[in-house]
Amino acid sequence: MTFTNKQIAVTILLLASQPFAQAQVLPSTPAPTPTSPPANAEAPKPSDAAKPTDSKPAEPTAPAKLENVEVRASRDQSSSDGITRVVGQDELSKFGDGNVLDVLKRQPGITVSGGQLSLRGIGSAYVRILVDGQRPPPGFSLDSLAPNMVERIEIMPSSGVEFSSQSIGGTINIILKRTRTGKQASLSVAAESNADNNTLRATGTWGDSSGPWAWFVNSNARVSKNDSESGSQAQASFNGVATEQRSSTNIYTGTNQSINFGPRLTYTPSPQTRIQVQTGGWIWKGENLGKDITIRTLGIPSVFDNATRVFEGGGHGHWFNGEWNQTLSDSTKLEFKTRAGRWYNRNRNEMNYSLAAAIGGGELFRELEENGRGSWQFLGATIRQNINTEQNASYGFETSRDTSRNSKFELLGGINRVLPGDELAIDSLKQNAIFVRHEFQISKEWASDVGVRWESLEFDVDLGTANQLLSKQQLLAPSLQFQFKPGGSKTEQYRIEIGRKWKPLRSFELSQRRNFSVDNRFNSPDTVGNPNLKPEQAINLDLAYTRRVGTEGSIGATLLFKKIDNVLLRRTTLNADGRWESRNENIGAGTVKGIELEYKGNLNELLSADFPKTQIRANVGRYWSKVDALPAPGNRVASQTPLNFNTGFDHKMVGMPLTWGASFKYSQRGLQRNTEFDTLEQNSEKSLGFYASWIVSPKFNFKLAAENLFAGDNLRKTEYSSAGLVQTQQSLNDIKPFVRLNFEFKL
């Protein structure tokens, strides 16, 4: 259903009083972008973006016409229907964030750590990231995408059948800016600095719309320099007797540059026809120098105690998107999409190991070079039909193919360590899907959205000598949603959604090619695939309630439950030849459940009219998970976050073009059991940020932000214990506060 109000929220202040208890992600197939309105809906008007952020949701008139469940492109603030959340222009620009990951880490239910994110308490491996409805290609990362390039972000913990079902944890779809009526041009320059990192970013937009033609260009360039130092400690014992103790210091300095660009051309010869062509590309380059210094107080000196590392890498790619929207009749609309692209990445490492005198002294040289290139093609079509004033139907298909060619070259002490098949491996992934969807406005109180999606994936690998079918996977995924508005209420609604999702396997998980670890330890083992794996599958259930409070406030609550079958676990073992080896295994079933509460409103409405009109917001998410085959303590689904808490305020000065505010976030982590034998323990994360935005003139504004205040250290401790052997490693990475200054010009 269509909502224009920013929503949902949280009487969370009750839970907040309790004690606090704890990618780049390159998901699967491209999914259709939801930016095109359904056949029975008007296209979003450019003026929609200027609507007040507290506008009320539209209410259907008699006879009750079916409201489409998809989010409309005209949303201009953070909003929600209790299950889907939309982050609009207001939230994207408020803090002057340096990249999309900075925006996401403040959103309810999301935790960002080390460039990986979890959604609603479940880890990055289960979360699907899309840009304009399709997966980012290799070499593309969200921290290289500036918020100025983004129209909105759709956070869909439970998406319907028109999106891929490969999203047990949920889907995050980042929609890039679109052409608006008339000429437009802007330039944003941002500088960010802390004790370790200095970054400079420039983002530009340029476009025009006149008559049937519209064009738009998005571009972003980033340069960063990093100087960091981290430390780690390790120890080992056997039958209670210490056998190893060492401490290491890792010093790195490096630079990174990236450029993204995406011109788009749209032709609308009539209200019935719209054709859009978009192309673009990206370039990135990185270099760094590292030095590892190890002090060993117990144990045999290692070849790898002291090393100098040199890395250089880069990549580029380009892509093409085509869309054709055609109204066939008063009740039928056709949407046709095609996509294609190519990418190339190259990474090269040189390492010099200073050998200890006890093992002969001298140096050992290692060279590792990995090259990858690939392409993707996608074709999809959807027919949308108005059956009558209460019912809509959608039918569609998708087909795609991804191909990658990867090669490796490795010398260690003059000896070639590359296995046959690693010299050139060609992987191919074919995907097909069909779906049917029916929307029904049952009455002024009840509406339903029912659908089913079938997906098929087929992996092939060519090792240069023979072609091998690694896996063929299929899933039939039904989805059922109901919405209830008591008495046809404009301010209150209940939603329930149940659906089936999965996490398909990838070729590297299935192929038995071995990747050797030079410094082979329990926390840096050899890795090998497992051809007997089964994909994880889950049943998702979401229950949501939202209600408007006062003129601008809202509260909301969501309950969620997931039952996951064929849970994958990465097990590390010590082989008979004395090498540590890691591979995935299916170990049975697991469950995830949680509750999310949110509140948003003005202070003068919450407490007293004497208070200023300051917007406050707070949300909390409490999650529990369990893997049946694992013992306690720390038994939970991989990377699952037990608790997330966010709160903040925004205040606009009276008589001054100044807005300022603050936000605080707490994410609980703690102990997590990876297998029966090894655990990971992380300290909880807390972060405080402030911002101020000054509108100097209609064409110029600047923002100042300080974040990661009181962040502290990031502590990770891993432990392996089996048959009398105990190995632990503890690493410490200091998270530094940083300051960001952003200037934006409208040209």
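Predicted model: local features only at pLDDT ≥ 70, side-chain atom pairs only at ≥ 80, totals over all residues.
## A strand pair and its sheet

Now to the charged side chains: the structure holds 42 salt bridges. One of them joins Lys225 and Asp227, with an N to O distance of 3.0 Å. Lys225 is partly exposed at 39% relative accessibility, and Asp227 is partly exposed too, at 36%.

Another salt bridge brings Lys472 and Glu458 together at 4.0 Å, N to O. Lys472 sits in strand β20 (residues 467-484) and Glu458 in strand β19 (residues 446-462), so this pair ties together parts 14 residues apart in sequence. Lys472 itself is exposed, with a relative accessible area of 54%.

What is the distance between the closest N and O atoms of Arg740 and Glu707? In this salt bridge they are 3.6 Å apart. The pair links distant parts of the chain, 33 residues apart: Arg740 is in strand β38 (residues 738-746) and Glu707 in strand β35 (residues 700-709). Arg740 is buried, because its relative accessible area is 2%, and Glu707 counts as buried at 4%.

## A linked network

Salt bridges also join up into a network, which links Glu162, Glu335, Lys337, Arg384, Arg437, Glu439 and Asp449.

Note on methods. Residues numbered from 1 in each chain as written. Heavy atoms only, no water. Buried < 20%, exposed > 50% of the residue type's maximum accessible area, 1.4 Å probe, protein only. Helix = DSSP H or I, 4+ residues; strand = E, 2+ residues; numbered from the N terminus.
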